Amino acid sequence: MLPYSTGDQTLVREINLSTVLRYLHANAPMSRAQLANAIGLNKSTVSSLVEELIERSLIHEIGITNAGTGRPATFLDIDPGAGGIIGVELGVDFVSVILTDFCGKTLWQRLQDADPTEGQEATITQTLHLVDEAITVSREKTTRLLGVGVATPGTVNLDEGVLIFAPNLHWRNVPLRKIYSQHTGLPVLVDNDANAAAVGEHLFGVARQAQNFVFVFAGVGIGGGLFLNGELYRGKSGFAGEIGHSVFMAETFQPPCHCGNRGCWETYANQYSIVERVRARLEVRRSSLIPQMMAESNSPLSFAIITKAADAGDKEARDVLAEAGAAMGMGVANLINILNPEMVVIGGPLSTAGKHILPAIVDCVAKRSLPEIGQQSQVMLSASGANASLIGAVSLVVKATLSRPSSVN
Ligand SMILES: [Zn+2]
């Protein structure tokens, strides 16, 4: 009798295919011999696995001239043309849809203002129209679509692909996977926006080599993706990482957070708080470019205008962003003390003002974290900036493909 059944052999083959593909994703380009050495399988097994991955168009051969000998050598790399991926981000005041290749390169993207609090159906329909556009574009640019990833604020049931509750959207129990898969006929993966962004940063961004990092997704709220010991930490029910609602100082005179509580970290450092800080300054007639910019663009005070003013050198705007950065730094210092991560990555809409906010965060972390721990952590801006969750949504599909290469034909 054979020691393994056919079922076992199929499973072992799938695990080995995934090991090769994931290793190449993190380390390519590399030769077959380097690959065999690195993952500890014999050369003929690796060659056979590589042939299958090439047949499935997930990897391809590239020629690189060896600098030492001048002879071209054959290396393996991830094939960007393995398939297109659609990412959907449900923001609190916008929706965004992207089409990328298998390497996360943007092929097409649309961002639109939205008001999800006005109605769930209208907002979801808005994204479905954009998804249809992405599918049309993909027919011209890519051979096949691998799936749709959806990033949403709030808590998500991963198995069912259901948004359980998003305080900032006022949405409950929305079967997102069912909605998008019925519309597109494609596999659909759904995750919380900050968790998705953390996966994206690990696959494509500044945290590629990190085994322990925190992704701080900052916009209307502050969400956290805790990537610990090489994987996302989800907690008992999958809801871990709601760092924005950790309580700093609960005083009754403060306006409440969207969650109903008072004194949540995000109320000191989110977009609203920045707008309110500026409003308070302008009320006492400080000299600033902001009123003129509001008049010229005929728009109310917004985070976008404040960022624009800061970029133009406006002192009030810069001071406010530094204040918000210091408030963000307090929470980041707490995370560093608790988790001892290699890095904390800041992304999401607020990172469009990253160059004004980051120095204050770094400064605060240096002052407020325990030196032995703080010195081991880098605070960095996300490689995808404001698009962090959107690339995160794409990366959900990439991650699933890396885990199950034989699902791709
Ligand atoms: Zn809260």
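Valine 345 has methionine 380 of strand S15 as its bridge partner. This is a predicted model. Strand S14 (residues 343–347) and S15 run parallel and are joined by 4 bridges. Helix H6 (residues 193–204) packs on the sheet. H6 touches strand S11 (213–218), strand S12 (222–228), S13 and S14. The direction of H6 makes about 45° with that of S12.

The sheet itself is open and has 5 strands, in the order S13-S12-S11-S14-S15. Its pairing is mixed. The edges are strand S13 (231–232) and strand S15 (378–381), each pairing on one side only.

**A second sheet**

Another open sheet has 3 strands, ordered S7-S8-S9, with antiparallel pairing. Strand S7 (155–157) and strand S9 (171–174) each have a single partner strand, so one side of each lacks a neighbour in the sheet. Neighbouring strands here are turned by 20° against each other on average, direction ignored. S7 pairs with strand S8 (residues 162–166) over 3 bridges, in the antiparallel sense. Threonine 155 stands opposite phenylalanine 165 in S8.

| Strand pair | Sense | Bridges |
|---|---|---|
| S14 and S15 | parallel | 4 bridges |
| S7 and S8 | antiparallel | 3 bridges |

**Helix against helix**

H6 also meets helix H14 (residues 388–403): their axes come within 7 Å and cross at roughly 70°. H6 is therefore roughly perpendicular to H14. On the H6 side, the contacting residues include Asp193, Ala196, Ala197, Val199 and Gly200. Glu201, Leu203 and Phe204 of H6 take part too. Among their partners in H14 are Ala388, Ile391, Gly392, Val394, Leu396 and Lys399.

**The core**

Which residues touch the most other members of the largest nonpolar core? They are Phe215, Val216, Ile306, Val332 and Val344, out of 109 residues in that core. Helix H11 (residues 315–339) gives the most to this core, with 10 residues. In soluble globular proteins, nonpolar side chains tend to be buried together.

Valine 216 shows its surroundings well. Leaving aside residues up to four places away in sequence, valine 216 touches Ile222, Gly224, Val332, Val344, Val345 and Ile346. Of these, Val345 is the residue whose bridge partner in S15 is methionine 380.

**Domains**

The chain is divided into domain 1 (6–78), domain 2 (83–202 + 389–407) and domain 3 (206–382). The C-alpha centres of domain 1 and domain 3 lie 41 Å apart.

Technical notes
Residues are numbered from 1 along each chain as its sequence is written. This is a predicted model: local features need pLDDT of at least 70, side-chain atom pairs count only at pLDDT 80 or more; totals for chains, interfaces and linings use all residues. Two strands pair if DSSP finds at least two bridges between them. Helices (H or I, at least four residues) and strands (E, at least two) are DSSP runs, numbered from the N terminus. Two residues are in contact if their C-beta atoms, placed from the backbone, lie within 7 Å. Axes are lines fitted to C-alpha atoms, for helices over the stretch in contact, and angles run from 0 to 180 degrees between N-to-C directions. A nonpolar core is a set of buried Ala, Val, Leu, Ile, Met, Phe, Trp, Tyr and Cys residues joined through C-beta atoms within 7 Å. A residue is buried if 20 or more other C-beta atoms lie within 10 Å of its own, exposed if 12 or fewer, and partly exposed in between; C-beta atoms are placed from the backbone. Domain bounds come from an automatic or database domain assignment. Angles under 35 degrees count as roughly parallel, over 145 as roughly antiparallel, 65 to 115 as roughly perpendicular and the rest as oblique.
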